[in-house]
Amino acid sequence: MGTPGAAHRRRAPRRGGPGVAHGTTRSSLLLGALPPDDLVTLIEGSHGLTGRRGDRLAARTDDAVTVILHGVAAARTSTIDGEHTIHSLRGPGDVHGLTVALGHPEAGDELVAVDQVDALVLPGGHVRDLVALLPSVTRAAVAVIANELAALRVEEARFASRSASYRIEHRLLELADRFGERDGARILVTLALTQEELASWARTSRESAAKALHDLRVAGIVTTGRRELIVEDLPALRRRHDGGPDRTVAALMRAIG
């Protein structure tokens, strides 16, 4: 994504504004769990933020909670040599920075826009006050953190000892399910992830990601272009991903026995 630029602060959406009172509210574990009056109270202490691809929406230790309204952002950490590891992609309704705001800055990731993003930023002090005062906010915060922990545990178990091909297939299925647009039998993903970013997200090397994508293209399952990926045969991708033991392990077993 390059060097993060500056996102632009703007006024928070008003009550009933686009994305907050409609689809994003329903899809968000944080916003969607709140009664209308509590939701208004939460939003009243916030401000809006707009970012383009590569803009930093939140630094690792920011004392704030960011809720994505539109677009997609990557939660990532940076290494000493300037490389980045993507931990998750956050889309409309997703929450970032809650663990930091509740007292654990060591658990923070920076948040960088993958495409055009509109977000809601809630100051950490405001969130802490409402967690203490409003049971609905307390329950919603617990739900968000529990969901993140569960997703992390499931992913660790799923990726353990799995091949790079399996991991890339898993991420492509996630892209198709969460961010894809159906075009007849095909799924179009226009999210501007580079091959390096996809490899980082799949916890593998760029070379391994390139080989996995090559194999999928040869099989006619995906096609790739500049800033787009098309899943030509989603059922075939699911079968390839779910069809029995990991192929690397299976190959080793055949060689042994």
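Visitor: Let me begin with the rings: how many aromatic pairs does the structure hold?

Guide: Please keep in mind from the start that this is a predicted model. As a general idea, a pair of aromatic rings is described by the distance of the centres and the angle of the planes. In the case at hand there is nothing to describe in that way, as the structure holds zero aromatic pairs.

Visitor: Which residue, then, lies over the face of Tyr166?

Guide: That residue is Arg162, which is placed over the face of the Tyr166 ring at 4.2 Å from the ring centre.

Visitor: I would like to turn to strands. How should I read the two sides of strand β9, and are its residues buried or exposed?

Guide: In a regular strand the side chains alternate between the two faces of the sheet. Strand β9 covers residues 110-113, with Glu110 and Val112 on one side and Leu111 and Ala113 on the other, and all of these are buried, so that both faces of the strand are covered.

Visitor: Which strands pair with β9, and in what sense?

Guide: Strand β4, residues 55-58, pairs with β9 in the antiparallel sense over two bridges, and within β9 it is Val112 that stands opposite Arg56. Strand β6, residues 73-78, also runs antiparallel to β9 and is joined to it by four bridges, where Ala113 of β9 is the bridge partner of Ala73.

Visitor: What can be said about the largest pocket, and which residues lie nearest its centre?

Guide: The largest pocket holds about 1,000 Å³ of space. Its lining is made of 35 residues, and those nearest the centre are Ser88, Arg90, Glu148, Ala151 and Leu152. Among the elements that each supply at least two lining residues are β7 (84-90), α3 (98-101) and α6 (164-179), while α5 gives the most, with 10 residues.

Visitor: Where is Arg227 found, and which residues is it in contact with once its neighbours within four places in sequence are left aside?

Guide: Arg227 is found in the loop between β13 (222-225) and β14 (228-231). Because its relative accessibility is 38%, Arg227 counts as partly exposed. Leaving aside neighbours within four places in sequence, Arg227 is in contact with Arg53, Val189, Thr190, Leu191, Ala192 and Thr194. For one of these, Val189, the separation from Arg227 is 38 residues in sequence and 8.6 Å in space, C-alpha to C-alpha.

Visitor: What is there to notice in the phi of Arg203?

Guide: The phi of Arg203 is near 60°, a positive value in a residue other than glycine. Arg203 has its place in the loop between α7 (195-201) and α8 (206-218), and it is partly exposed, with a relative accessible area of 38%.

Visitor: To finish with the whole chain, how many helices and strands are there?

Guide: The protein chain has 10 helices and 14 strands, and buried residues make up 45% of its 257 residues. Of the contacts with a separation of 6 or more in the chain, 74% are between residues 24 or more positions apart.

Terms used:
Residues are numbered from 1 along each chain as its sequence is written. This is a predicted model: local features need pLDDT of at least 70, side-chain atom pairs count only at pLDDT 80 or more; totals for chains, interfaces and linings use all residues. Side-chain values use heavy atoms; hydrogens and water are left out. Rings of Phe, Tyr and Trp (its six-membered ring) pair if their centres lie within 6.5 Å; planes under 30 degrees apart count as stacked, over 60 as edge-to-face and the rest as tilted. A charge sits over a ring if NZ of Lys or CZ of Arg is within 6 Å of the ring centre and within 35 degrees of the ring normal. Buried means under 20% relative accessible area, exposed over 50%, partly exposed in between (1.4 Å probe, protein chains only). Two strands pair if DSSP finds at least two bridges between them. Contact means heavy atoms within 4.5 Å. On a 1 Å grid over the protein atoms alone, a cavity is a set of points where a 1.4 Å probe fits but cannot get out, and a pocket is an open set with protein on both sides within 12 Å along at least five of seven lines; lining residues have an atom within 4 Å of a point. Grid points are joined across faces, edges and corners, and a volume is the space filled by probe spheres set on the points.
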